[in-house]
Amino acid sequence: MITIGNCSGFYGDRFSAMRDMLEGGRLDVLTGDYLAELTMLILGKDTLKDPTTGYAKTFLRQVADSVDLALQRDVKIVSNAGGLNPAGLAAAIEALGTRAKVAYVDGDDLRGRLDSHPDALTANAYLGAFGIAHALDAGADIVVTGRVTDASVVVGPAIAHHGWKRDSYDELAGAVVAGHVIECGTQATGGNFSGFLTMSPQARARPLGFPVAEIAVDGSSIITKQDETGGTVTVDTVTAQLLYEIQGPLYLGPDVTTDLTSIRLQEVGIDRVAITGVTGTPPPATLKVAVNSLGGYRNSAEFVLTGPDIDAKAAWLRDQLDAELPIGPDYTWSTYRIPAPDSPTEEGAACILRLSARAADADAVGRALTAPAIELALASYPGFHVTAPPGRPSPFGIYKAAYVRRDRAPETVHLPDGSTYEVPSPLAYAEASRTSAETSRTSAETSRASAETSRASTGVTSRTTGATPRPTGATPRPTGATSRRELGELVYARSGDKGGDANLGLWVPQGRPEASVEWLLDTVTPQWVRELLPEAEDLAIDITPLPHLRGVNIVIHDLLGEGVAASTRFDPQAKGLGEWARSRFVDMPLNLCPDGTSEAIR
């Protein structure tokens, strides 16, 4: 068994976590995930100012603070903090003057070499874990990488420890699942968890502990956390992370294709959840590339509407500005909700109406936008005021995914002795049909999707990718009387972004009757999601049932436009989408209602 901890889920996570984890208990390896689609854009902008940057500077400061302790405790450190410049980060670590042996992995950077996006600010292929494993086998104490998959920083050490081969597909897939669970830090121990009220006051009072994966030679694992830390590890907290940012039943990686429907979870002790049964098959023949381009400039103005006649005030303001704003920029008005009547506070009687604008030219969304807005201060609706003075335009980026042959991005390891090693290609690849959902956005419709399409009143094509049938002998869908209730009385949720798509996982927590799971699996269709979330009414939707996780995964295509860096949505990363879904009222069978045969889950 190898024990692997995590100390970072994003660039900006808790600075003390690296030292805290090293001091908190026995570890073989400490990993950190610092990269995301938005982070790559930020690092790309950094390199425009200074080409010697492009890596996560926080990681360097953490290593300076903690490397001696890591060496003393014989803990290896593995991180993707190298970003766009892993060589620069490795050199900066060596310049600290420690005795640590540093290796780095690169080959992912395709800037200027991607035919489809020749002017991309960043273009990075998602590399795998075997380069990391080779560096550790060669004696590296610290391994930094460019853009590998988030789980690879966990899978690589497991490969090195257990000696897995390229075709150890089930073992690799098991490690991928463990890596997916812990790479986002404290989201596996109660962070962003719908069921936070089920956690003890003591668990919530202390800083949440970062997760630990104990990975066995067969790829099975136990997810836990260090003693005396806050938070909790349960089947539900692990499920929450498993349903985060996935896009179907097959999790396509550079080393293995993981079947998410094969996952089995079981609590085996306090703050200990076993992951077993995971199966894997060969990886796809192509590598996914995250591409960020500069899209132009954006700006916004926020108007405060207070008291009665909110709709009429908003309409008058929009009419006035529509007549004055220049033609050309892309304008977006936010939605708002009518304040509660008879509010005892002024803030409670108000709401925000936001105007956002995007254009290729900064001047088009500078004073050309803000001057007409502010000039209405004494000439528009009663109570006119804004939340802040006019701001300057800021650049925004556009995210797109591309796909390349593996020989376009050779995974190269730079070892502490100065030698290099190019990682061989996989022994086999998945059939083309198994990667079509990822490479073409066109998936074969199942009978369930076809039936739903025929029922849809909107005329929008709905898609279901790789729908998994329920086990034979499943409980029939509950019938009879229903009650209009909040969905969150029955299910938990977790949501996030994948480029312009929003991911939403819904599941029935442990302790609820199996009939609730059957109701959820039978109820969630693309059209039902559109009714639940009206902002998705014109969008394509994929549904993947995951009965062994007691839930479903939903992908809402294009809800986030061109990605977080370009989005003008109120929630550009869809972080709150799941909680919005839980707040919506649905028709729920009476025997499943919290005041019926079961109590509410919160």
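In what follows, Ala, Val, Leu, Ile, Met, Phe, Trp, Tyr, Cys and Pro count as nonpolar, Asp, Glu, Lys and Arg as charged, and the others, Gly among them, as polar. With these classes in hand, the second largest pocket of this predicted model can be described: its lining has 13 nonpolar, seven polar and nine charged residues. The space in this pocket comes to about 1,000 Å³. Altogether 29 residues line the pocket, and Thr335, Glu535, Arg569, Phe570 and Asp571 are the ones closest to its centre. Two or more lining residues come from each of β15 (330-333), β16 (350-359) and α16. Strand β16 gives the most, with five residues.

Rolling a probe the size of a water molecule over the atoms shows where empty space is left. Across the whole structure, two cavities of 30 Å³ or more are found. The largest cavity holds about 50 Å³. Among the residues around this space are Glu37, Leu38 and Leu41, together with Gly397, Ile398 and Tyr399. Helix α2 (37-49) and strand β18 (394-405) are the elements that give two or more residues to this lining. By class, the lining of the largest cavity divides into six nonpolar, three polar and two charged residues.

The second largest cavity has a volume of about 30 Å³. Val176, Val177, His180, Leu242, Tyr251, Thr258 and Leu260 form its lining, and α7 supplies the largest share, three residues. Five of the lining residues are nonpolar and two are polar, with no charged residue.

Helix α7 also takes part in a helix pair. Two packed helices are described by the angle between their axes and the distance between the axes. For α7 (residues 169-182) and α9, the angle is about 95 degrees and the axes lie 8 Å apart. Because angles of 65 to 115 degrees count as roughly perpendicular, α7 and α9 fall into that group. Val177, His180 and Val181 of α7 meet Val238, Gln241 and Leu242 of α9. Four of these contact residues are nonpolar, two are polar and none is charged.

Finally, the backbone deserves a look. Most residues other than glycine have a negative phi. Glu228, although not a glycine, has a positive phi of about 65 degrees, and Ala574, also not a glycine, has one of about 60 degrees. Glu228 sits in the loop between β8 (221-225) and α9 (235-242), whereas Ala574 belongs to the loop between β25 (551-556) and α16 (577-583). Are these residues buried or exposed? Glu228 is exposed, with a relative accessible area of 69%, while Ala574, at 2% relative accessibility, is buried.

Conventions
Residues numbered from 1 in each chain as written. Predicted model: local features only at pLDDT ≥ 70, side-chain atom pairs only at ≥ 80, totals over all residues. Heavy atoms only, no water. Helix = DSSP H or I, 4+ residues; strand = E, 2+ residues; numbered from the N terminus. Buried < 20%, exposed > 50% of the residue type's maximum accessible area, 1.4 Å probe, protein only. Axes fitted to C-alpha atoms, helices over the stretch in contact; angles between N-to-C directions. Parallel < 35°, antiparallel > 145°, perpendicular 65-115°, else oblique. Contact = heavy atoms within 4.5 Å. 1 Å grid on protein atoms, 1.4 Å probe; cavity = no way out; pocket = protein on both sides within 12 Å on 5 of 7 lines; lining within 4 Å. Points joined across faces, edges and corners; volume = space filled by probe spheres on them.
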